[in-house]
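Please look over the chain shown here before reading the points. They are meant for someone who has not seen this structure before.

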Amino acid sequence: QVQLVESGGGLVQPGGSLRLSCAASGSIFRLNAMGWYRQAPGKQRELVATITSGGSTNYAGSVKGRCTISRDNAKNTVYLQMNSLKPEDTAVYYCRTTAQPTIAPYEYVYWGQGTQVTVSS
């Protein structure tokens, strides 16, 4: 089994910073691409940032220059550092990862339960 647990969300004032963490646990053979998605009230879930196993990153235009995604493979953890936060960044942020469990020959997509980020004065 593979589980994803997000942390680091909370209430932040506009212009503030926040660091989200997502730790994968379980019997993992390989962690492949990992990323962060978000869903604001009344809107569809959208991509925020992704990072491949090789370290290549991709960002949504709305967060480019303000967010940095990184990963620590030794800890099976992906991070999202968010700076200069805006009210429109308010959303539930979800961790997503593609991983192959040790008990299966295939890779699967896993989602975390989400962590709330609220940017408000």
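The points below cover a sheet, a nonpolar core and some ring contacts in this predicted model.

1. Sheet. Four strands form an open sheet in the order β1-β3-β8-β7, and their pairing is antiparallel. β1 and β7 are at the edges with a single partner strand each, so one side of each has no neighbour in the sheet. On average, neighbouring strands here are turned by 15° against each other, direction ignored.

2. Strand pair. Six bridges join β1 and β3 in the antiparallel sense.

3. Core. The largest nonpolar core has 30 residues, and those touching the most other members are Leu20, Trp36, Val78, Leu80, Met82 and Tyr93. Among the elements that give two or more residues to this core are β1 (2-7), β3 (18-26), β8 (77-82) and β9 (91-101).

4. Tyr93. Apart from neighbours within four places in sequence, Tyr93 has contacts that include Leu20, Trp36, Leu80 and Met82. Glu6, Arg38 and Thr115 are also among the residues that Tyr93 contacts.

5. Aromatic pairs. The count of aromatic pairs is two. In the pair Tyr108 and Tyr110, the ring centres are 6.5 Å apart and the planes stand at 65°, so this pair is edge-to-face. Tyr108 is partly exposed at 37% relative accessible area, whereas Tyr110 is buried at 16%.

6. Charges over rings. Arg19 has its charged end over the ring of Tyr79, 4.1 Å from the centre. Arg45 lies over the face of Tyr94, and the distance to the ring centre is 3.7 Å.

How values were computed:
Residues are numbered from 1 along each chain as its sequence is written. This is a predicted model: local features need pLDDT of at least 70, side-chain atom pairs count only at pLDDT 80 or more; totals for chains, interfaces and linings use all residues. Side-chain values use heavy atoms; hydrogens and water are left out. Rings of Phe, Tyr and Trp (its six-membered ring) pair if their centres lie within 6.5 Å; planes under 30 degrees apart count as stacked, over 60 as edge-to-face and the rest as tilted. Buried means under 20% relative accessible area, exposed over 50%, partly exposed in between (1.4 Å probe, protein chains only). A charge sits over a ring if NZ of Lys or CZ of Arg is within 6 Å of the ring centre and within 35 degrees of the ring normal. A nonpolar core is a set of buried Ala, Val, Leu, Ile, Met, Phe, Trp, Tyr and Cys residues joined through side-chain atoms within 4.5 Å. Contact means heavy atoms within 4.5 Å. Two strands pair if DSSP finds at least two bridges between them. Axes are lines fitted to C-alpha atoms, for helices over the stretch in contact, and angles run from 0 to 180 degrees between N-to-C directions.
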